[in-house]
Amino acid sequence: MDPIAAIATGSAASAIGVIRISGADCFAACGQVFRPANGLPFSAQPPRKLVMGEMLDSRGQVVDRGMAVRFPAPHSYTGEDAAEFHCHGSPVVLREVLAALFAAGARQAAAGEFTKRAFLNGRMDLTQAEAVIDLIDAETAAAARNAAAQLDGGLRRALEPVQESLLEVTSRFYAVVDYPDEDIEDAGPEEIRQAMAAAEKALTRLLDSCKRGRVLKKGVRTAIVGLPNAGKSSLLNALAGYDRAIVTDVPGTTRDTVEESVLCGGVLLRLTDTAGLRETADPVEQKGVERSRRAMEGAELILLVSDDLVEPEAPRPPAYWEGYRGLLSEVGRGKTPWIFVASKRDLSGKTAGSLGVIGDADWNGPAAYVSLSSVTGEGLEDLERAVADLFPAGDPGEAGSLLTDQRQEDAARRARDAVRRAMEALEGGLTPDAVLTDAEEALDAVGELTGRTAREEIVERIFSRFCVGK
């Protein structure tokens with residue numbers, strides 16, 4: 001492949017900048033751009049060792065002094081001859097060195113082209129390539145650990161037993177058909193059944209990891225709901241660590257939804273602070289309430305905030321209790337998990353209480369009851385524990401084997417469905433050759449997951465998510 005080059009670091013000025021180049025004859029191009037201090041040609045430099053030298057522009061003039069390293073094929077990221085230049089992170093210097101590489105015969109790398117070449121050259125499968133972008137985009141330590149383990153082949157290793165079981169069935173069938181004179185034993189129904197059962201179990205285990213994988217990668221859509229002036233915005237600010245939302249003593253201050261991403265108990269929450277849910281004649285506040293209900297409908301977790309522990313001796317108007325019971329009923333009759341958050345603990349002085357609400361068969365009770373103060377921080381650790389219990393990151397041993405992408409989930413589900421059809425066909429008394437079509441379909445779906453049989457448009461769509469230089 002022709003040599004490609006790109007700046008691998010950001011566009012802002014920094015202490016160090018990196019330029020990458022990969023492809024046939026790239027060392028010759030590097031020799032025109034880098035003058036090693038030891039006097040040896042670039043192509044003769046020891047592999048995988050940084051060498052000091054001068055960076056030259058397209059006119060052969062020195063623009064910087066820095067380091068360079070070469071990676072001979074096939075022991076490089078891309079599987080081709082490749083090199084990197086480590087210079088000062090001035091955008092001007094980086095552009096000049098890159099222009100010199102273009103003048104020497106390289107072209108601008110497309111987004112994700114280095115990793116795409118690594119995939120095409122067999123240096124990684126498609127799940128590992130996807131892990132690269134997941135690692136770049138990781139917003140939590142748990143997400144980074146899972147992506148790093150997947151980049152190391154964790155998901156591929158989880159799929160290998162499935163591929164082996166399916167290949168054993170299909171390859172033996174074709175061997176018997178293609179070589180009838182050879183003494184090749186055909187796979188019997190019981191052997192096929194065992195192979196399919198093993199594949200089905202492994203695929204089910206992977207599909208069961210989808211929810212945790214999505215939480216790791218995308219976080220949890222969380223709606224903070226409650227009556228006006230319950231402490232919703234104060235809770236958002238406490239979790240965010242700064243004043244993200246305006247807080248006043250005036251009910252109805254929040255008229256629109258306010259969004260923020262925070263870490264709570266090691267879980268990434270995509271928080272939406274909503275307008276207080278109440279009947280109102282104010283048309284602006286009405287729109288805010290409508291948006292609050294939409295946010296609640298699309299949430300994966302609801303934090304229902306109430307200040308009903310504050311000044312219990314103070315009488316509440318009937319409208320308050322009517323709205324309170326209505327909100328609890330609305331949340332409690334839904335399917336979304338929720339946590340009851342008793343706010344303003346610094347004022348009430350209480351750390352526990354009860355909802356005193358509905359208890360019929362349709363009631364979906366709270367996953368936890370938490371009393372806290374957004375002002376002092378008391379009780380926030382209890383909320384963190386409750387969130388972590390609801391959305392566990394998983395056993396560290398599972399890192400790398402969690403499905404984190406919709407494409408991966410779809411392929412794994414199609415593979416499992418095909419395996420189950422094959423098992424049903426066997427149970428129905430069909431001959432092993434009738435099962436072959438389903439076994440091959442399952443094998444193709446697994447191959448699509450790893451990239452072995454993925455269509456070109458799928459591959460292109462995956463690498464289009466990458467940044468230039470990776």
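Strands β9 and β10 (residues 267-273) form an antiparallel pair with seven bridges. Two strands count as paired if DSSP finds at least two bridges between them; helices (H or I, at least four residues) and strands (E, at least two) are DSSP runs, numbered from the N terminus. This is a predicted model, in which local features need pLDDT of at least 70 and side-chain atom pairs count only at pLDDT 80 or more, while totals for chains, interfaces and linings use all residues. Residues are numbered from 1 along each chain as its sequence is written, and side-chain values use heavy atoms, with hydrogens and water left out.

On β10, six of the seven residues are buried, which leaves the strand mostly covered. Buried here means under 20% relative accessible area, exposed means over 50%, and partly exposed lies in between (1.4 Å probe, protein chains only). β10 also pairs with β8, in the parallel sense, over five bridges. Ile 224 is opposite Asp 273 of β10.

These strands belong to an open sheet of six, ordered β9-β10-β8-β11-β12-β13, with mixed pairing. β9 (258-264) and β13 (368-371) are the edge strands; each has a single partner strand, so one side of each has no neighbour in the sheet. Neighbouring strands of the sheet are turned by 25° against each other on average, direction ignored. Helix α9 (residues 232-240) lies across β8 (220-226), β9, β10, β11 (301-306) and β12 (338-342), and runs at about 50° to β9. Axes are lines fitted to C-alpha atoms, for helices over the stretch in contact, and angles run from 0 to 180 degrees between N-to-C directions.

β2 pairs with strand β6 (residues 82-89) in the antiparallel sense over eight bridges, and the bridge partner of Val 18 in β6 is His 86.

Thr 9 is in the loop between β1 (4-7) and β2 (14-22). Its relative accessibility is 29%, so Thr 9 counts as partly exposed. Leaving aside residues up to four places away in sequence, Thr 9 touches Ile 16, Gly 17, Val 18 and Leu 94, where contact means heavy atoms within 4.5 Å. A polar atom of the Thr 9 side chain lies 3.1 Å from the backbone nitrogen of Val 18. The C-alpha atoms of Thr 9 and Ile 19, which are 10 residues apart along the chain, are separated by 7.5 Å.

## Helix pairs

Two packed helices are described by the angle between their axes and the distance between the axes. The table gives these values for two pairs.

| Helices | Angle | Axis distance |
|---|---|---|
| α4 (residues 126-137) and α5 (residues 141-151) | about 150° | 8 Å |
| α3 (residues 113-120) and α16 (residues 456-463) | about 140° | 10 Å |

α4 and α5 are therefore roughly antiparallel to each other. Angles under 35 degrees count as roughly parallel, over 145 as roughly antiparallel, 65 to 115 as roughly perpendicular and the rest as oblique. α4 passes α5 in a left-handed crossing. Residues in this contact are Thr 127, Gln 128, Ala 131, Val 132, Asp 134 and Leu 135 of α4, with Ala 144, Ala 147, Ala 148, Gln 150 and Leu 151 of α5.

α3 passes α16 in a right-handed crossing. Here Thr 115, Lys 116 and Phe 119 of α3 meet Val 459, Glu 460 and Phe 463 of α16. A crossing is left-handed if the near helix is turned anticlockwise from the far one by less than a right angle, and right-handed if clockwise.

## Glu 409

Glu 409 is part of helix α14 (residues 406-427). With a relative accessible area of 10%, Glu 409 is buried. Its side chain makes a polar contact of 2.8 Å with that of Arg 413. A polar contact is a pair of N or O atoms within 3.5 Å; within protein, one must be able to donate a hydrogen and the other to accept it, and residues adjacent in sequence count only if both atoms are side-chain atoms. Not counting residues up to four places away in sequence, Glu 409 touches Leu 207, Cys 210, Arg 214 and Leu 403.
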